[in-house]
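This report covers a metal site, a ligand shell and a sheet. The model comes first.

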Amino acid sequence: MRTEQPKMIYLKDYQAPEYLIDETHLTFELFEDHSLVHAQLVMRRNPERGAGLPPLVLDGQQLELLSVTLADQELGADDYQLTENTLTLQPASASFTVDTSVRIHPETNTALEGLYKSGTMFCTQCEAEGFRKITYYLDRPDVMSKFTTTVVAEQHSYPVLLSNGNPIASGPGEDGRHWATWEDPFMKPAYLFALVAGDLWCVEDTFTTMTQRNVALRIYVEPENIDKCQHAMNSLKKSMRWDEEVYGREYDLDIFMIVAVNDFNMGAMENKGLNIFNSSAVLARAETATDAAHQRVEAIVAHEYFHNWSGNRVTCRDWFQLSLKEGFTVFRDAGFSSDMNSATVKRIQDVAYLRTHQFAEDAGPMAHAVRPDSFIEISNFYTLTVYEKGSEVVGMIHTLLGAEGFRKGSDLYFERHDGQAVTCDDFVKAMEDANGVDLTQFKRWYSQAGTPRLAVSESYDAAANTYSLTFRQSCPETPDKVEKLPFVIPVELGLLDSKGNEIALRLSGEASAQGTSRVISVTEAEQTFTFVDIAEHPLPSLLRGFSAPVKLSFPYNRDQLMFLMQHDSDGFNRWDAGQQLSVQVLQELIAQHQKGESLALDPRLISALKTVLSDESLDQAMVAEMLSLPSEAYLTEISEVADVEAIHNAREFARKQLADNLFEALWLRYQANRDLSRHTPYVAEAEHFARRALQNIALSYLMLSGKPEVLAASLEQFETSDNMTERLTALAVLVNSPFEEQKALALASFAEHFKDNPLVMDQWFSVQAGSTLPGGLERVKALMQHKAFNIKNPNKVRALVGAFAGQNLINFHAADGSGYRFLADLVIELNGFNPQIASRQLAPLTRWRKYDSARQALMKGELERILASGQLSSDVYEVVSKSLA
Ligand code: B3K
Ligand code: ZN
């Protein structure tokens, strides 16, 4: 916890480091009640900063300094200055060594940053600024060093001792202790340092790289999880191959390790050669993990592996450049997942997530550019904007340059900057230089926050056979900036004739048509594109594949949307037309609810979905996506003022109407798929995911009918399925149903069966936290007393509190403010021991401007109460103070 006032840090103040650390030699002596860290830093003046020997200011937090030696002279207390966050020394020559010894307390480190204990094992998390909690250092990504690490610990409890790079020596020590030394031949910043010590088992495999080098692959877990690693191992091997094939990137060390830990603030961490993962992002097998969890494991394993090039070999100069590695790596992992599964479904899911959550962030008090200009606490900037919008920005470069041009750019980037700490500008420059293009205006995507709007209008000239589309772009003001300059917006589009065929696209002035789907760049505030040889008034299909992260509007009527749903050649836009139709219909119901009228569902939505449901040629995963109505969170995001009750009631009403009207079709598809599931062993592959996705969404609709045969089907699925995907959906539909007795029995038997598996219990908590039936808050509070709940474990907090506040909107936003009070109390408690998790859980309260004035006052009141609650971490302070500004 800080005692100094938090300070804002600005990108414009960046300066290269005064000193460099060529070598870092670390020795860790791990004990149960403390640990000792000895560091020897081989340092020199940074020649870039000129002559002179300014003071050397090392970062360090919560360290007990035992000794410090500069150039082989042990210093006395008068020879250095120590503050809460720094140790300052005065070097006497341009090259020197610094030796420090510090005592730290991993055993009581509940913030899970630096060196800490998860269960019985020691592990680390250093990104972004955790290394300074381990030893005094220049803890910034542009200081890259060669690390050698020795770990000494008691042998019996910690038989496995790991760090980055290659193992070079090990042996027994005194008093039942042993040691191991690891050497990482690659220069790296301190945020990529890792250490693990524990009683771990491992699954081993090998990978032969494209130049025929053998790499040992190991996944380390606690012994009880050894049977849940195969999926992650398969995913790792697929990722390694994919990165060779698609990006030409080969792995560089002789060993690659993943360690699963239970207590982890986020998904995983790409430490060089030694990735540390939240166990939820590694462990997966049919009986305990859903299809979604399997896909998440595959994606996160890939993401962290891909960082070896996009992040580790080429790293960030400073933390403002975070999206350089994160946006690019998300783009890379999305490409991988699209190739492994259904590309259209992956795109649909990513876009739905971006539109719901990143757009909300962009419209809220924490809005920031993909490359922010300032921050108080960097941990608060691991955001949807930096990650997901950052990935969209890289994706637009890909769209503009084409796959080949993009690959030329990424090759040049890796070649030019290997071993360096660079900026987003360097990335774009490599793309420009490799392709001979100018992306100056495009770079506004990195510096301007907010979601651009793109309003499109049309005009058809029947006499001239021309069709014009006029685009008007604007970007709402955000806390950092009022006036925005026009973006470069790549719009992929096509035109459909009245039979649903694609029309050849020739722009006025062009000699010939260029295909039926093409990308145009909107670069001005207002711009018109005219297509020629258009024999009839066409229907445009705009922003195919979601070619830019904007809010596009075009005055489609419902019949046109239904037409696009059926005929658009772009799968993503077929889905999107369905979403737009649903939004129109739901917004009508919301308005009816607000006027106190009785609700009436537009029958066109029913017939559109009936067509989808009966089309056996469609990918079943697509059918499942098309049957999913826009979420309450998305409906909230697109509302001017979100009416919580109206949104919930309208959506539930629509679901019930759909269930009643589509009952037969849903029941047929449910039974056919469930029957197949019953007779097919679980396989974690796209086609099987698709079958179960449709089966499960069908079941959730069918259950709304309340029919006894559906209840029986749910119970059968719950009791007899061999996999968590089916079992958990069956549990969820029971939990949301009025069948109290069956619900209670199912919950109890599930908990009894899986009580020893914390990840499955997380799902049990989430299912209940998400139940929108009345009494949600009381249920959550009661579950916090359950013996499987532990507030110190981030996964538990996310599973219960995160799911409640983020997904159970009708209960969280209870008009009496009880949900808000509960969340604020929890944030105050979390702030005391895990600031990062506290600040994450706060997000729903920061959106107070979206709601009616009574709720606004209640939410603001809670934010003010948090602010006044005493000594806040910089994490929580930044989010609360910006939300109230
Ligand atoms: N780079 C890490 C995130 C670190 C978060 C630090 N608070 C995981 C990832 O994006 O791969
Ligand atoms: Zn990442």
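Which residues coordinate the zinc ion (ligand 2)?

## Zinc site

His-303 (NE2), His-307 (NE2) and Glu-326 (OE) coordinate the zinc ion, at 1.9 to 2.1 Å. Donors are N, O and S atoms within 2.8 Å of the metal (3.2 Å for Na, K and Ca); water is not among the atoms, so sites may look incomplete. The donor spacing in sequence is H-x3-H-x18-E. His-307 sits in the loop between helix 2 (291–306) and strand 22 (315–316), Glu-326 in helix 3 (residues 322–340), 19 residues apart. Helices (H or I, at least four residues) and strands (E, at least two) are DSSP runs, numbered from the N terminus.

The model is predicted: local features need pLDDT of at least 70, side-chain atom pairs pLDDT 80 or more, while totals for chains, interfaces and linings use all residues. Residues count from 1 along each chain as written, chains are lettered from A and ligands numbered from 1 in written order, and side-chain values use heavy atoms, without hydrogens or water.

## Ligand 1

A polar side-chain atom of His-307 lies 3.2 Å from a ligand oxygen. For a side-chain N or O atom of Glu-326, the distance to an oxygen atom of ligand 1 is 2.9 Å. Lys-325 has a side-chain N or O atom 3.4 Å from a nitrogen atom of ligand 1.

## Sheet

Eight strands form an open, mixed sheet, ordered 6-5-9-3-2-12-15-14. Strands pair if DSSP finds at least two bridges between them. Strand 12 (residues 144–154) and strand 15 (residues 177–189) run antiparallel, joined by ten bridges. Phe-147 has Asp-184 of strand 15 as its bridge partner.

Methods. Polar contact = N/O pair within 3.5 Å; in protein donor to acceptor, adjacent residues only side chain to side chain.
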